[in-house]
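I opened this entry to record what I looked up. My notes follow the order in which I checked things.

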Amino acid sequence: MIRKTLIFALVGLALAAPSTKVEEGLAKTLKSEGTANIFVTFRGGNSDAINQIGTLNFASRPDKVNHLVKNLKSLTEASQKNALSLLKARTASYKQFWASNELYIKGASAELIYSLAALSEVREIREELIITLEPLSTGGISINEEWNIEKVEASAAWALPGGNNGDGVVVSTIDTGVRSTHEALTGNFRESYGWFDPYDGTSSPSDGNGHGTHTMGILAGAGGIGVAPGAQWVACRGCGDITCTESGLKQCGEWVLCPTLPNGDSPDCSQAPQVVSNSWGGGQGNTFYNDIISAWKAADIIPVFAIGNGANGGATCGSANSPGDQEVIGVGSTTSADALAESSSAGPSVEGRLKPDISAPGVLVRSAWSSSDNAYETVSGSSMAAPHVAGAATLLLSRNPNLTYSQVKELLEGNTDRNLQDTGAECGGIPSTQFPNNQYGNGRINVRKALEAAINA
């Protein structure tokens, strides 16, 4: 996961006592600070809008996504009507999040927070989550420059009869940004509806960290560094150079669902990507992003997440991070020798879910870097593993754009390599030699095998 690595610190009834809706940590902040930046969630979330989509047939994917977004916005307006009345009476600074049916309020006072909590439709009020970035784990010499691409047999997948390199598919990352002028990335950047920066409102892609350029290179870079170099890419800057805010990440979540111009105007949901790769996360059993993920799935956007770099930097059972430990394709990290990376998080999740779902190369991976248009860097972390899997999903969708999330996941998990090194450990009572397990998941990704299975289906 982000390694500059992310410190994963992200991290009903009308008669209910309002104070029970206010998160304990928020209550403490109010006592010490007086105000806080908060998220207000509403009963039912976005489920009513999403459930309706599953009962309808659509002529095209753009029709489906447009209808979904219209439903989500209508639900948000209806759910938040009373809360907005309270806010407007106090001239509070706020933003509605229609994809997740939430309200974000800056500098909310205790009086406002407890007034909102008294509304029967309000489910929970909590403080905004913040991620802090650590220095990246860079450097080192890999066995060859693109061992990872060779290991997952990406080039063999491109060369298959009926094979492809991701052409016709649009992919996205939510990360620290991308250097779009880099020689490995400039050729397939989709300039129209291709960039959004919720922090600084920049008009064109940039990356002051390096992490986002590196992950996009693995996903879609040219010159042998990317799994799906034929795909077009777009990106949202979900993290600044030092921190990622929950509000920034959720603005990116909405943008992926219905992209806008860089200034936030002229939304066009037909421009939504088909795959989104996420190398960030935090905490365990944290559901804060689940409504965004559900909306992505309803729009036929495949969510891929790294599961983190372990407790205290080591592979520890039960250390998988959120959102990678939720209902997404969660990715662990392996070495060039097909061993589990020392830093790769492991399952099970706190809810008992098997994690990771799958693994991919994540140690000493060379990819594009943001310091110049021809810079490259060798970096380690599960952040590097996730875009391999996102790239594999891209090739499957290039072959068959009508594949569902479940079908993509099944093809990836059912066609892995499993001749992997025994860790000697058991997580959740499952040894690493028995598949699926809570260390390698269903095995290490093999792009050729997965695409071959899709071709022969």
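**Helix 8 against helix 11**

I began with two helices: helix 8 and helix 11 make a right-handed crossing. (Right-handed means the near helix is turned clockwise from the far one by less than a right angle, left-handed anticlockwise.) This is a predicted model, where local features need pLDDT of at least 70 and side-chain atom pairs count only at pLDDT 80 or more, while totals for chains, interfaces and linings use all residues. Residues are numbered from 1 along each chain as its sequence is written, and side-chain values use heavy atoms, without hydrogens and water.

I then looked up the geometry. The axes of helix 8 (residues 211-220) and helix 11 come within 7 Å and cross at roughly 35 degrees. Axes are lines fitted to C-alpha atoms, for helices over the stretch in contact, with angles from 0 to 180 degrees between N-to-C directions. Helices are DSSP runs of H or I with at least four residues, strands are E runs of at least two, and both are numbered from the N terminus. Helix 8 brings residues including His211, His214 and Ile218 to the contact. Helix 11 brings, among others, Met384, Pro387 and Gly391. Contact means heavy atoms within 4.5 Å.

A nonpolar core is a set of buried Ala, Val, Leu, Ile, Met, Phe, Trp, Tyr and Cys residues joined through side-chain atoms within 4.5 Å. Buried means under 20% relative accessible area, exposed over 50%, partly exposed in between (1.4 Å probe, protein chains only). Val389 and Ile445 are among the members that touch the most others. Ile445 is in contact with Val389, Ala392 and Leu412, among other residues beyond four places in sequence.

**Asn164**

Is Asn164 buried or exposed? I noted it as buried, because its relative accessibility is 7%. Asn164 sits in the loop between helix 7 (154-159) and strand 7 (170-175). Its side chain has a polar atom 2.8 Å from the backbone nitrogen of Gly166. The Asn164 side chain also reaches the backbone oxygen of Leu395, at 3.1 Å.

Last, I checked an open sheet of four strands, ordered 3-4-2-5 with antiparallel pairing. Strands pair if DSSP finds at least two bridges between them. Strand 3 (93-97) and strand 5 (122-127) are the edges. Strand 2 (residues 35-42) and strand 5 share five bridges. Phe39 stands opposite Arg126 in strand 5.

Definitions and conventions. A polar contact is a pair of N or O atoms within 3.5 Å; within protein, one must be able to donate a hydrogen and the other to accept it, and residues adjacent in sequence count only if both atoms are side-chain atoms.
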